[in-house]
Amino acid sequence: MPSIQPIGLLSFSDFATFDAHRHSSDSIFRYTMPRDMEILKDEDKFEIKCYCGVCCKNTAMTVNKYFSFLEGGRKIPLWRETIDCQDCRLNNRMRALLHMMSAEIKIPVKSDVYFTEQVTDTYKHAVKYWPKSIGSEFLRDGTELGAVNQSGIRCEDLTKLSFLDESFDALVTMDVIEHVPDYLKGLQESFRVLRPDGQLVLSAPFNLDLESSLVRARFNSNGKIDHIMEPEYHGDPLDPNGLLCFTTFGWDFLQTLRDIGFVNPCLSFYWSERFGYLGVQYCVLARKPAQSAS
Ligand SMILES: [Zn+2]
């Protein structure tokens with residue numbers, strides 16, 4: 001595995017500490033946000049030169065404003081969903097998570113790692129770093145849970161994993177948990193299949209201003225979906241219609257992890273011009289206790 005420079009993470013375990021930081025004079029947002037605006041071009045699609053932490057080389061990355069919002073009259077891309085490396089094709093958040101797992105958390109090459117994805121470019125590259133990885137998809141083609149379909153894709157439901165207890169050294173779930181109606185069960189299952197001292201690496205869109213998560217939709221007693229808020233759909237490699245987002249997470253997500261038994265859950269923030277991690281992004285890190293309670 002090539003060695004790459006760490007990113008330098010800033011971690012917060014609760015809203016109050018984060019809020020104090022972002023309003024302080026040495027807040028990372030004070031220099032990163034103006035720098036993002038300097039790098040931003042007016043074209044809907046432009047190129048920047050960065051070092052890819054997955055390909056481990058200097059390369060060109062494409063910034064696309066397909067997902068964007070307006071601020072001060074300028075069209076700002078959703079940085080987390082773009083800055084695609086032209087070699088590995090992974091975007092900002094995908095490159096950063098693999099980079100972080102390798103260079104910051106230093107997950108050993110021989111680890112058993114479970115990824116809640118398999119048909120993606122991210123998984124294709126992850127297997128090069130951690131050859132013992134297992135990936136799966138929530139298939140809707142009739143394949144039984146724990147079985148593999150004709151294309152070699154394993155079917156798993158995060159709320160009913162087919163794996164034995166303590167099967168993995170790390171569990172990685174990227175932008176999946178917000179689509180799981182019973183996300184608490186999904187997190188409990190993640191805890192169950194991790195070994196003592198096992199690492200959880202999770203990404204999901206958060207609203208950093210929210211102390212409590214918002215339920216956007218839920219299944220009612222008739223098995224139908226009740227929309228509590230305007231339905232929000234995210235891209236899905238298996239479904240062109242996209243996937244419904246059930247929850248917008250707030251900082252109470254970290255307390256939920258503590259209640260399940262995870263230790264030191266935090267939101268870890270990163271930004272790097274060199275690596276093409278613009279827009280200050282974050283992911284959730286937590287561990288299972290080193291000594292199993294049972
Ligand atoms: Zn790359």
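Helices (H or I, at least four residues) and strands (E, at least two) are taken as DSSP runs and numbered from the N terminus. By this rule the secondary structure of the chain comes to six helices and 18 strands. The structure is a predicted model, in which local features need pLDDT of at least 70 and side-chain atom pairs count only at pLDDT 80 or more, whereas totals for chains, interfaces and linings use all residues. Residues are numbered from 1 along each chain as its sequence is written.

The overall dimensions were computed from the C-alpha trace, which spans about 50 × 45 × 40 Å along the principal axes of the chain. The radius of gyration is taken over C-alpha atoms, and the globule rule is 2.2 Å times the number of residues to the power 0.38. For 294 residues a compact globule would have a radius of gyration near 19 Å, and the value of 19 Å for the chain agrees with this.

Strands of a sheet pair through backbone hydrogen bonds, either parallel or antiparallel. Here two strands are said to pair if DSSP finds at least two bridges between them. Seven strands form an open sheet with mixed pairing, in the order β1-β17-β18-β10-β9-β7-β8. Axes are lines fitted to C-alpha atoms, for helices over the stretch in contact, and angles run from 0 to 180 degrees between N-to-C directions.

The parallel sense is found between β7 (residues 113-115) and β9 (residues 168-174), which pair over three bridges. Tyr114 has Leu171 in β9 as its bridge partner.

A further open sheet has three strands in the order β2-β3-β6, with antiparallel pairing. The edge strands, β2 and β6, each pair on one side only. Eight bridges join β2 (residues 45-52) to β3 (residues 57-64) in the antiparallel sense, and Tyr51 stands opposite Asn58 in β3. The two strands make a hairpin with four residues between them, where Cys56 in the turn has a positive phi of about 60°. Strand β3 and strand β6 (residues 84-85) run antiparallel and are joined by two bridges; Thr62 stands opposite Asp84 in β6.

Two packed helices are described by the angle between their axes and the distance between the axes. Helix α3 (residues 92-103) and helix α4 (residues 121-129) pack at an angle of about 15°, with their axes 11 Å apart. This angle makes α3 roughly parallel to α4. Angles under 35 degrees count as roughly parallel, over 145 as roughly antiparallel, 65 to 115 as roughly perpendicular and the rest as oblique. The crossing of α3 and α4 is right-handed. A crossing is right-handed if the near helix is turned clockwise from the far one by less than a right angle, and left-handed if anticlockwise. Met94, Leu98 and Ser102 of α3 make the contact with Thr122, His125, Ala126 and Tyr129 of α4. By class, the contact has four nonpolar, three polar and no charged residues. Ala, Val, Leu, Ile, Met, Phe, Trp, Tyr, Cys and Pro count as nonpolar, Asp, Glu, Lys and Arg as charged, and the others, Gly among them, as polar.

The axes of helix α5 (residues 183-193) and helix α6 (residues 252-260) come within 10 Å and cross at roughly 50°. Helix α5 is therefore oblique to α6. The crossing of α5 and α6 is right-handed. On α5 the contact involves Leu184, Leu187, Gln188 and Phe191, and on α6 Thr256, Leu257 and Ile260. The contact of α5 with α6 has five nonpolar, two polar and no charged residues.

How values were computed
Contact = placed C-beta atoms within 7 Å.
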